[in-house]
Amino acid sequence: MSLNSTAHAGSTVERLSVPEARHRLEHERSARLDQLQAVDEASGGVPQTDGLQVVQRGAIEQALMEIDAAFGRLEQGTYGICQGCGRSIPMERLEILPYARCCVPCRQRAG
């Protein structure tokens, strides 16, 4: 399945190629792992149980899980397809958030 373009309602939506999507996801994963390491270094190696570092660590770990799920969608051929409405996620959104599961309207409806 090609991720280069798809037609919806008579229009063509440009999509990322599989290698480009994989590259963006790998870059995002690397950046998040660097962030996780920085949070751990800031704690001085002592596990934190409350406060900002715990919140930061949780957000980074959630993003890493989302990135892993996006790799799965890439392998399944469903990367870039909104899980809410089934339409293509605009390339602009995937450029900003390469692991996005939904288009902006569906994300806003989900809360």
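User: Helices (H or I, at least four residues) and strands (E, at least two) are DSSP runs, numbered from the N terminus. In what order do the elements of the chain run from the N terminus on?

Analyst: This is a predicted model, in which local features need pLDDT of at least 70, side-chain atom pairs count only at pLDDT 80 or more, and totals for chains, interfaces and linings use all residues. Residues are numbered from 1 along each chain as its sequence is written, and side-chain values use heavy atoms, with hydrogens and water left out. The chain contains 4 helices and 2 strands. From the N terminus on, its elements run β-β-α-α-α-α.

User: Which residues of the largest nonpolar core touch the most other members?

Analyst: A nonpolar core is a set of buried Ala, Val, Leu, Ile, Met, Phe, Trp, Tyr and Cys residues joined through side-chain atoms within 4.5 Å. The largest one in this model has 17 residues. The members that touch the most others are L25, Y79, C82, L94 and Y99.

User: Which helix supplies the largest share of this core?

Analyst: Helices α1 (18-42) and α2 (52-76) each supply at least two residues of the core. The largest share is 5 residues, and it comes from α2.

User: Why does C82 count as buried?

Analyst: C82 is placed in the loop between α2 and α3 (91-96). Leaving out residues up to four places away in sequence, C82 is in contact (heavy atoms within 4.5 Å) with R87, I89, R101, C102, C103 and C106. C82 counts as buried because its relative accessibility is 3%.

User: How far apart are the C-alpha atoms of Y79 and Y99?

Analyst: Y79 is also in the loop between α2 and α3, and it is buried, with a relative accessible area of 1%. Y79 and Y99 are 20 residues apart along the chain. Their C-alpha atoms are separated by 8.5 Å.

User: Is E28 buried or exposed?

Analyst: E28 lies in helix α1. Beyond four places in sequence, E28 touches I67, P98 and Y99. Y99 in turn has E28 among its contacts, which also include L25, R32, A63, E66, I67, A70 and R73. Because its relative accessible area is 15%, E28 is buried.

User: What is the volume of the largest pocket?

Analyst: The lining here consists of Q62, A63, E66, R93, L97, Y99, A100, R101, C102 and R107. By class, these are 5 nonpolar, 1 polar and 4 charged residues. The volume, taken as the space filled by probe spheres set on the grid points, is about 170 Å³.

User: Which element gives the largest share of the lining of the largest pocket?

Analyst: Among the lining residues are Q62, A63 and E66. The largest share amounts to 3 residues and comes from α2.

User: What relative accessibility does A110 have?

Analyst: A110 lies in helix α4 (residues 104-110). A110 and G84 are 26 residues apart in sequence, and 8.8 Å apart in space, C-alpha to C-alpha. A110 counts as exposed because its relative accessibility is 62%.

Conventions: Buried < 20%, exposed > 50% of the residue type's maximum accessible area, 1.4 Å probe, protein only. 1 Å grid on protein atoms, 1.4 Å probe; cavity = no way out; pocket = protein on both sides within 12 Å on 5 of 7 lines; lining within 4 Å. Nonpolar A, V, L, I, M, F, W, Y, C, P; charged D, E, K, R; others polar.
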